[in-house]
Amino acid sequence: MANVTGLPASLTLFGAGKMGGAMLRGWLAGGLDPARTTVVDPHLSPEMAMLCAERGIAVNPAAPAPAETLVLAIKPQGLAEAAAALAPFVGPGTLLVSVLAGKTIADLKARLPGLACVVRTMPNLPASIGRGATGAVASPEVSPGQRAAAEALLACSGLVEWLDDEGLIDAVTALSGSGPAYVFLLAETLAAAGIAAGLPAETAARLARATVSGAGALLEATGTEAGQLRRDVTSPGGTTAAALAVLMREGAMPDLMREAVAAAARRAAELSG
């Protein structure tokens with residue numbers, strides 16, 4: 001990855017599990033200064049400990065100090081327990097970037113007195129390979145410079161979409177946060193259908209994986225609207241048309257997807273309450 005402009009001059013990462021660790025690797029690849037980076041995680045994995053040692057990243061400082069940019073990447077249910085340990089890293093000018101699902105800006109401010117500047121985000125699993133989609137919303141106190149720094153960080157993991165309304169985070173969670181599971185289900189069921197049609201299991205799995213990943217790559221590479229690509233590969237009276245007639249019979253697939261996303265959004269709202 002080429003260096004990303006606008007990254008924070010210094011950064012503290014609180015929580016270096018799968019998501020936090022993946023983001024850290026992306027930031028380092030994007031040009032984040034490891035000498036001005038701190039990782040806080042009492043249960044740091046051997047792999048992350050080795051990375052920090054190799055790159056000269058400070059780990060679990062004995063004398064915590066307020067951070068310029070503090071990225072919070074712990075499990076949401078751990079916020080209450082972690083609040084006391086987090087407090088010394090929060091100062092009047094600290095920008096907190098949260099990837100905690102279901103924790104609102106108000107939740108974070110309530111747990112961390114004195115915190116003002118918050119960017120709440122919802123990334124997804126492909127962020128771990130730099131191909132993610134992240135929704136983000138900033139509290140009113142976030143300055144243009146802080147917003148730019150947050151965007152530079154998030155852009156290391158893929159697409160960033162800013163929202164004006166924090167309430168829309170639930171919809172982002174339902175669409176792109178949970179969305180990779182929908183795509184994995186498509187690949188899984190497509191392979192199973194191939195097996196039912198007579199293909200060997202390993203062949204069906206390889207073909208399904210390549211079909212799903214290739215279609216996604218084509219969608220991104222061309223920039224063409226998805227519906228248009230679907231129409232382009234559907235010859236009237238052909239095999240694809242026969243299959244789509246089943247998938248779209250009486251709105252079957254569109255209706256199911258709307259119901260699925262709506263259900264996920266409702267659950268996200270319940271978890272935020």
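The model is predicted: local features need pLDDT of at least 70 and side-chain atom pairs count only at pLDDT 80 or more, while totals for chains, interfaces and linings use all residues. Residues are numbered from 1 along each chain as its sequence is written, and side-chain values use heavy atoms, with hydrogens and water left out.

**The cores**

Select L13, L24, W27, V39, V71 and V119. These residues have the most contacts inside the largest nonpolar core, which has 31 residues. A nonpolar core is a set of buried Ala, Val, Leu, Ile, Met, Phe, Trp, Tyr and Cys residues joined through side-chain atoms within 4.5 Å. Buried means under 20% relative accessible area, exposed over 50%, and partly exposed in between (1.4 Å probe, protein chains only). Elements that each supply at least two residues of this core include β1 (11-14), α1 (18-30) and β6 (117-122); helices (H or I, at least four residues) and strands (E, at least two) are DSSP runs, numbered from the N terminus. A second, separate core of 23 residues includes V40, V118, M122 and V137.

**Helix α6**

Within it, select S176, placed in helix α6 (residues 169-177). S176 counts as buried because its relative accessibility is 17%. Beyond its neighbours within four places in sequence, S176 is in contact (heavy atoms within 4.5 Å) with N124 and A133. The cover over the buried residues of α6 includes β6, β7 (132-138), α7 and α11 (252-272).

**The charged pairs**

The whole structure holds 8 salt bridges, each a side-chain nitrogen of Lys or Arg within 4 Å of a carboxyl oxygen of Asp or Glu. Select E166 and R120, whose closest N and O atoms are 2.9 Å apart. This pair links distant parts of the chain, 46 residues apart: E166 lies in the loop between β8 and α6, and R120 in strand β6. R120 is buried, at 3% relative accessible area, whereas E166 is partly exposed, at 23%.

Finally, select E270 and R267, which meet in a salt bridge of 3.0 Å, N to O. They are 3 residues apart in helix α11 and are therefore separated by about one helical turn. E270 is exposed, at 52%, and R267 is partly exposed, at 46%.
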